[in-house]
Amino acid sequence: MAAVRATLTEVLTPAAFETMTAQAVRWTEGVQAGIDAAGLPWQVTRLGCRAEYTFRPEAPHDGAQAAAADDFALQQLVHLQALVDGILLTPFHNMALMSPVTTAEDVDRHTASFGALTQALVG
């Protein structure tokens, strides 16, 4: 209970959520820029400090659409390239959850990695 209390009162504060949300906006904008520059039919969405992209032109509306948009081999490529560049994405989605200590430099590293990968995919 002490850990829960500390998390809720000292870590997950309104000020922390402002910072985390701002980094998620930055991350989403960086991913969208990579998608747009490569002309890929993908999309990125954000809810608060959580952001995710899928390999489809519109955000999925349900679990079936999300599952249909999955491309396991492509997802593995994205994750492996990110890992090579020092970035650990959520292992079961193309998702990022910002933390109170996520920095603009962290987000920018992902933007650079993702942008390089999308450009490599299109040629």
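Colleague: What covers the buried residues of helix 5?
Modeller: This is a predicted model, in which local features need pLDDT of at least 70 and side-chain atom pairs count only at pLDDT 80 or more, while totals for chains, interfaces and linings use all residues. Residues are numbered from 1 along each chain as its sequence is written, and side-chain values use heavy atoms, with hydrogens and water left out. In helix 5 (104-122), the buried residues (under 20% relative accessible area; exposed is over 50%, partly exposed in between; 1.4 Å probe, protein chains only) are Val107, His110, Ser113, Phe114, Gly115, Leu117 and Thr118. With contact taken as heavy atoms within 4.5 Å, and helices (H or I, at least four residues) and strands (E, at least two) as DSSP runs numbered from the N terminus, the cover includes helix 2 (14-38), strand 2 and helix 4.

Colleague: How far apart are the end C-alpha atoms of helix 5?
Modeller: The expected span of a helix is 1.5 Å times one less than its number of residues. For the 19 residues of helix 5 this gives 27 Å, and the end C-alpha atoms agree, being apart by 27 Å.

Colleague: Why do the buried residues of helix 4 count as lying on the same side?
Modeller: The buried residues of helix 4 are Leu74, Gln75, Val78, His79 and Ala82. They are on the same side of helix 4 because the arc they cover around the axis is only 135 degrees, the arc being that of the directions from the helix axis to the C-beta atoms. In general, an α-helix has 3.6 residues a turn, so residues three or four places apart point the same way. The answer is thus the arc, only 135 degrees.

Colleague: Which residues are exposed on the other side of helix 4?
Modeller: The buried residues of helix 4 have a cover that includes strand 2 (50-54) and helix 5. On the other side, the exposed residues are Phe72, Ala73, Leu80 and Val84.

Colleague: Is histidine 79 buried or exposed?
Modeller: Histidine 79 belongs to helix 4. Beyond its neighbours within four places in sequence, histidine 79 has contacts with Leu89, Thr90, Pro91, His93 and Asn94. Its relative accessible area is 13%, so histidine 79 is buried.

Colleague: What separation do the C-alpha atoms of tryptophan 42 and threonine 54 have?
Modeller: Tryptophan 42 sits in the loop between helix 2 and strand 1 (43-47) and is buried, at a relative accessible area of 9%. Its contacts, neighbours within four places left aside, include Thr54, Phe114 and Leu121. Tryptophan 42 and threonine 54 are 12 residues apart along the chain, yet their C-alpha atoms are separated by 5.9 Å.

Colleague: How much space lies in the largest cavity?
Modeller: On a 1 Å grid over the protein atoms alone, a cavity is a set of points where a 1.4 Å probe fits but cannot get out, and lining residues have an atom within 4 Å of a point. Grid points are joined across faces, edges and corners, and a volume is the space filled by probe spheres set on the points. The count is 1 cavity of 30 Å³ or more. The space in the largest cavity is about 40 Å³.

Colleague: Which element gives the most to the lining of the largest cavity?
Modeller: The lining consists of Val78, Ala82, Leu89, His110, Ser113, Phe114 and Leu117. Two or more residues come from helix 4 (72-84) and from helix 5. With 4 residues, the element that gives the most is helix 5.

Note on methods. On a 1 Å grid over the protein atoms alone, a cavity is a set of points where a 1.4 Å probe fits but cannot get out, and a pocket is an open set with protein on both sides within 12 Å along at least five of seven lines; lining residues have an atom within 4 Å of a point.
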